[in-house]
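Thanks for asking me to look this one over. Here are my notes, point by point, to read beside the model.

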Amino acid sequence: MTASLSGILKRGVGYSAVGVVVCQLAVIVQTIALGRILGPGEVGVYAAGSVLSGFLLAFTQSTLAQALIQRDDDIEDAANTVLIVTFAAGVLLGIGVLIASPVVGYLFHDARAGQISAATSGLVVLYMCVSVPEVLMQRDLRFKQRMVIQPAAKIAFAGVSIAFASMGFGAWALVVGSYASITVLLGLSWWMARWRPFRGRFSVALWREMAVFSFPLLLDNVSHSIREAFQQVLLGRRLGTADLGQYRYGSQMAAMPAMAIVEVFGYVLFPAFTRVSADPARFRDAFLRALGWTWFGALPVGVLLLVLGRPVVVLLLGDAWHPAGTAAMAMSGIAVGAALQALGITAIKGAGRSSLVNWLSALGLALHIPLILLLLPFGLVGVGIGLSVTYLACGVVAILLARSVVEASLRDVVDVVAPSTLAAAVALAVVFPLEHVVTRSDRFVEPVGLAAVAVECVLLAGIYVGVLRLVSPSRYRSVRGLVGNLASRLGGAVPR
């Protein structure tokens, strides 16, 4: 059973990694194209118009459905119960967004933001219909579908939004792209899940039972959504929709790597942790291994953002996006903190201890809003620093809470993260002054500047892995083995 589960998880990570690579490529192409076609103003109008629908989606989607992964019986009844509840909630919330759309226009001093808010109300209903089939595939460890569904939705959004932006639709191109994306996501999820509704019955008792597990997760999403919505409204009113567009692209740049790590590990690990949680030794070892790989991947990504965030944004999008690049540098802590928080919450959920997530919700609110108010006079850089501090603090606390759940000692955690931390610190000490004092890549024309960025990325990776080889030979051997396996598989897949 152990070998079988391990094999499934390795394949799941592989499938998820392929899907993430395709998604990230689509997002990069979309970001560059739309940034150059639309500019900060139009992106900011869409960000303002979608703030309410995004707020509602962030704290409602999948929280109740995740309880299905924890269940061992009454799956059909439970799935139908979740579907009916989430659809009804989606209809009510969609109507709420439609009614409140004039308020959005007032808050952001832009009538188009209110119109876009009304137009996005239907997205709330459609997105709520995705959660059950998606979670059922995750519960059954059917990860191959992840390689198809999410990339297809990302490609649909990129293709449609770029096409409509090129035709002069402005911010509305992003609305049309969003509907194209959810249509693909909804159709593929239901088709590939091979699940049909109404085979079971609706049960109020099951709803209440699953709500006990999902309610703390809902509160955490509410906390995150309040923080994000408050921040966007404050930025839009104080600095204008153009700066809101700069913030949206800067935060997207900072969050993109973290989302890749969360997609690869988080989606696969939740059902795996659920299965091994009854075996304390296996659960502890699995958590520590996941922590080691998460920290190994997230930390150098945060360093790269801190070093190269502004040069990369300016070279890819143009000088008009200079503030977004500086904001991305200030938000470099998001990449590390979000990955840690996702891993910690996944372990907590896997153990069925979801009430512990309430501590993270309270900490996020207690830190984020006061920091934003305090640092807003410093513009987007101040907002970025506030975000980084909040995410890093919540990430560390999430790991400490998970450590107590899996019964790992503090020394175990330190031993896992110390080698990568030292290696990343040395790489940062070398590459940061090289870029910002000597090279300054964004001074050059795009091909030369991007070549300089690529050289610095290779240098940072070389230093990181080299130091890791000295301080942790076992971790280095694991990395070398992973790279070797990937290379051999790719080589075997290429026809000769």
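Is Arg 201 buried or exposed? Arg 201 is exposed, because its relative accessible area is 53%; here buried means under 20% relative accessible area, exposed over 50%, and partly exposed in between (1.4 Å probe, protein chains only). The points below start with the whole chain and come back to this arginine.

1. **Ground rules.** Please keep in mind that this is a predicted model, in which local features need pLDDT of at least 70 and side-chain atom pairs count only at pLDDT 80 or more, while totals for chains, interfaces and linings use all residues. Residues are numbered from 1 along each chain as its sequence is written, and side-chain values use heavy atoms, with hydrogens and water left out.

2. **The chain overall.** The chain has 19 helices and zero strands; both are DSSP runs numbered from the N terminus (helices H or I, at least four residues; strands E, at least two). Of its 496 residues, 53% count as buried. Among contacts with a separation of 6 or more, 86% join residues 24 or more positions apart, a contact being heavy atoms within 4.5 Å. The accessible surface comes to about 20900 Å², and carbon and sulfur atoms own 69% of that; these areas come from the Shrake-Rupley method with a 1.4 Å probe, and for residues only the protein chains shown count as cover.

3. **Arg 201 and its partner.** Asp 77 forms a salt bridge with Arg 201, with 3.7 Å between the closest N and O atoms. The term stands for a side-chain nitrogen of Lys or Arg within 4 Å of a carboxyl oxygen of Asp or Glu. This pair links distant parts of the chain, with Asp 77 in helix H4 and Arg 201 in the loop between H9 and helix H10 (204-239), 124 residues apart. Asp 77 counts as buried because its relative accessibility is 17%.

4. **Thr 81, also in H4.** Thr 81 is found in helix H4 (residues 75-107) and is buried, with a relative accessible area of 0%. Leaving aside neighbours within four places in sequence, Thr 81 is in contact with Arg 201, Phe 202, Ser 203, Leu 206, Trp 207 and Met 210. The Thr 81 side chain also reaches the backbone nitrogen of Ser 203 at 3.1 Å.

5. **Other salt bridges.** A search of the whole structure finds seven salt bridges. One of them joins the side chains of Arg 112 and Glu 42 at 2.8 Å, N to O. Arg 112 lies in helix H5 (residues 111-119) and Glu 42 in helix H1 (residues 2-49), so this pair ties together parts 70 residues apart in sequence. Arg 112 is partly exposed, at 28% relative accessible area. Arg 411 and Asp 415 meet at 3.9 Å, N to O; both lie in helix H17, four residues apart, about one turn of the helix. Arg 411 counts as exposed at 66%, whereas Asp 415 is partly exposed at 48%. Arg 284, Asp 285 and Asp 412 are linked in a network of salt bridges.

6. **A nonpolar patch.** Leu 422, Val 426, Val 430, Leu 459, Leu 470 and Val 471 make a nonpolar surface patch of about 490 Å². Helix H17 (410-439) and helix H18 (446-471) are the elements that give two or more residues to this patch. Patches are made of residues with over 30% relative accessible area and no salt bridge; like charges are joined within 9 Å and nonpolar side chains (Val, Leu, Ile, Met, Phe, Trp, Tyr) within 5 Å. Leu 422 sits in helix H17 and counts as partly exposed because its relative accessibility is 44%.

7. **Backbone details.** Helix H12 (residues 280-317) bends by about 65° at Leu 308, with a proline, Pro 311, following within four residues; the bend is the angle between axes fitted to the seven residues ending there and the seven starting there. Just after H12, Gly 318 takes a positive phi of about 110°. Most residues other than glycine have a negative phi, and most peptide bonds are trans. Arg 194, although not a glycine, has a positive phi of about 55°; Arg 194 is found in the loop between H9 and H10. Glu 407, in the loop between helix H16 (379-406) and H17, has a positive phi near 65°.

Note on methods: A polar contact is a pair of N or O atoms within 3.5 Å; within protein, one must be able to donate a hydrogen and the other to accept it, and residues adjacent in sequence count only if both atoms are side-chain atoms.
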